[in-house]
Amino acid sequence: MSATQTVGTESGRSVSAPVNYLNHDKSIKGWLYTVDHKRIGLMYLATVSIAFLVAGLLALAVRTELFSQGRTIMDADTYNQFFSLHGIMMVFLFIIPSIPAALGNFVMPIQIGAKDVAFPRLNLASYYIFVIGGVLAVTGILVGQIDTGWTFYTPYSSRLGAPVLFLTSAVFIAGFSSILTGLNFIVTIHKMRAPGLTWNRLPLFVWSIYATSIVQVLATPVIGITMVLLFMEKALQIGIFDPALGGDPVLFQHFFWFYSHPAVYIMILPAFGIISDLIGTFSRHEVQGYKFVALSSVAIAFLGFLVWGHHMFVSGQSVVSSIIFSLLTYLIGIPTGVKVLNWVGTMYKGSISLQTPMLYALSFLILFTIGGLTGVMLGVLSVDVHLHDTYFVVAHFHYVMMGGTVIAALGGLHYWWPKMTGKMYNETNGRIAAVLIFIGFNVTFFTQFIMGSKGMPRRYYDYLPEFEIYHMISTIGSFLLAIGLFMAAGGLIASFWRGKKATSNPWKSLTLEWTHTTSPPDPHNFHHTPIVTRGPYDYHLAPEIFGEPGGDGAVVSAQPDTDPVQQ
Amino acid sequence: MGDKGTFWLPESGSTLSPGLDSLFYFTYWISVVIFVAVTVAVIVFAIKYRRRNDSDIPPIVHENKLLETAWIVVPTILVLIVFTWGFRSFLKLHSPPANAYEIQVTAKQWLWDYTYPNGKTSTGDLVVPVDRPVRLVMTSTDVLHSFFVPAFRVKQDVVPNRYSSVWFEATGQGEYHILCTEYCGTQHSGMLGSVIVQSAEDFDAWLQSGVEDMAPAEYGALLYTQQNCNVCHSVDGTRLVGPTLLGLFGRQTTFTDGTTAVADENYIMESIVNPMAKIVEGYPPGMPTIYSSFDSDQLNALVAFIKEQQ
């Protein structure tokens, strides 16, 4: 980072900006003690990437075992521990913190024109709490050989003894990280927006982070309380969930899903935000139904608390509650479906550029539509009786969580990579990887829909001969998917050495992180507080982005592509 | 049996299947139409409105109120249709006919036990009469399980300390898979069974038949599969969760505490009724203690069967 970076100014001159948040303090201490939201965002990014890598390799091992009938590479107990560890790490250590804590931390404060989050020290504390919780959880799982799946259903999980106590404490601790980050972001978005940045001008990514933060603050205490109850049951032998002590195992499922269904929104809402920003930017169009998209996310954050029972149609809960939960599920599903139509509508008469981030956004539209429609099928009460706990469900949530959240996170990562690192990745490599991921993903998981509706139960170490062909195809797909992911990661990492220097606004976006900061940004983000006079996708009000006269005059660093980057 | 099912669904074997299959395919085809519409729109727009000039600024598109209202109202109507249909057939799944034949089911790691009204018991194989409603009253003695017969489109969790029930009316004679669909530990995927649908006469004859007239080793062979011993103990020398039964009788066996013993009748009986007493070196102490309830006839039969595995 020794070369200088230049920025255009209002008068068209260029000034050098040699200092950025990466090079101003290169010591280890400068990273470990940092309260800069950008550095904390990168530390989260590194941490969740490690979790994703480990949990992804476990998934490959699981798929390899399932390639053929009977024992392929491991015994049943190892298999059960592997899929449990895969699920627990992916959900709690990767997907939940991935977009809000990593990309949200880096991008959100700049997008609202703030120097940092409202409570920078609390932000650093959240990171360390997350790391401690994560390390404790993984240690507990490995030492205790936990094989309960990520749902920890009692009484199976009650029988494990001490390791469960360890794991529940870890989840309890990690929960505070989620709560504190949510709180921090809510205050930041309410109090620290730049002058002129009204709620109607917020980028949709900020709206989605806001909605996510509400869910984090309201839902996470419930999983904390559940963990305390599990702990008390074990330590004090009072019957809560364990039938051997007079407890009720179905009560645990209610508690678990009362958190974990809203947690699904913690995972998917930020993805909606990224997709809105990507489709708006790469279509150069205002996101259609902006207010609807923004406010429905917040509405979902609250209504998402009323549908947990749709995970329990065959658990033994009353028929009447199942019927009510099914109806509510549909009513909440509609706004989400309408969002998809809004995104497609945004592309209508736009100026669409199929660069890597947009390819991920289009993948998202297709995969998430499949995930959503199969969700509707699962919501049909009597059809769910047949499909529940089969691979149909496994495929459905991978389409939503991976086809939705992970694909959106990859799109967002490619989109903000030049801003984070100051380097451009190789575009051709990025596009090939995106296409390969799309193909590999569908080969892996679409076959799982078919075997699931034909009756293949989930969490099976071995299976009936008629399912072997589907498992083989699925396993081959998972390796294609892995190759795609490694290519994408390789392309990004290689940009550190080979990447061209990024201009401050390579995508010609209109949000503040592109128009008002250098790539990478200054340690304090802005030299002076930006003033906002237009919406996040108002391309017709921003001719200066294309080097033409006019615009709102508040833009400091907009520059045409031909602008020289070095002096 | 006969029919192999459709591309998406398995063969259909109960009176409940056709109704559920129509609902499945109704929802499926609506989903296909919506999916194709979205995908085609995405592809057409991506090609038709591709960026031709780097400084293109597209025109503002004014929102079309009619279109927006339509895409909120139409999906709402569709899901309400699907909901109502699903709700009605869900009630049917939960309303067994009053004259249903009742069988008690006990689930435990990792097998299914059935008790018929006349006291006859069976394990693994659930024998039922054709064309007659059957209601299963189920409970578990250990962890959660779930009773699933794909061909009948029925599934219900089986919970300890609580009764749950499921009903079906088989439409054709034959054999259908029973699968456990709630994760229950090491041999979850081995917790299989079969529904054997027989004609009313065959079923009555089966119900009245006993095991008294079988030779001990023959009865032992039946118990070996019925009680799912085969899930953990092979008879061909393959290593599964537990030691193989091949050549077990008379073998010098070493235990985890360092002692050794020759496997005789008493050792085999002790290992069945009190499996934690001696753990064979190199194997986990994982055998369930549920077999302590075997009566002497059953134990004699199993010992005789194991003696034959040389």
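**View 1. The contact between chain A and chain B.** In this predicted model, 69 residues of chain A are in contact with 71 residues of chain B. On the side of chain A that touches chain B, at least two residues come from each of α3, α7 (249-283), α9 (319-347), α10 (356-379), α11 (381-387) and α13 (427-453). The most is given by α9(A), which supplies 13 residues to this side. By class, the residues of chain A that touch chain B comprise 40 nonpolar, 21 polar and 8 charged.

**View 2. The surroundings of K115(A).** K115(A) lies in the loop that runs between α3 (76-111) and α4 (120-144) of chain A. Leaving aside residues up to four places away in sequence, K115(A) touches H524(A) and N525(A). From K115(A) to S326(A) the separation is 211 residues in sequence and 45 Å in space, taken from C-alpha to C-alpha.

**View 3. The two domains of chain B.** Domain 1 of chain B covers 1-51 + 96-209, and domain 2 covers 216-307. The centres of domain 1 and domain 2 of chain B, taken over C-alpha atoms, are 32 Å apart. Where these domains meet, 11 residues of domain 1 of chain B are in contact with 10 residues of domain 2 of chain B. The side of domain 1 of chain B that touches domain 2 of chain B consists of 2 nonpolar, 7 polar and 2 charged residues.

Terms used
Residues numbered from 1 in each chain as written. Chains lettered and ligands numbered in written order. Predicted model: local features only at pLDDT ≥ 70, side-chain atom pairs only at ≥ 80, totals over all residues. Domains from an automatic or database assignment. Contact = placed C-beta atoms within 7 Å. Nonpolar A, V, L, I, M, F, W, Y, C, P; charged D, E, K, R; others polar. Helix = DSSP H or I, 4+ residues; strand = E, 2+ residues; numbered from the N terminus.
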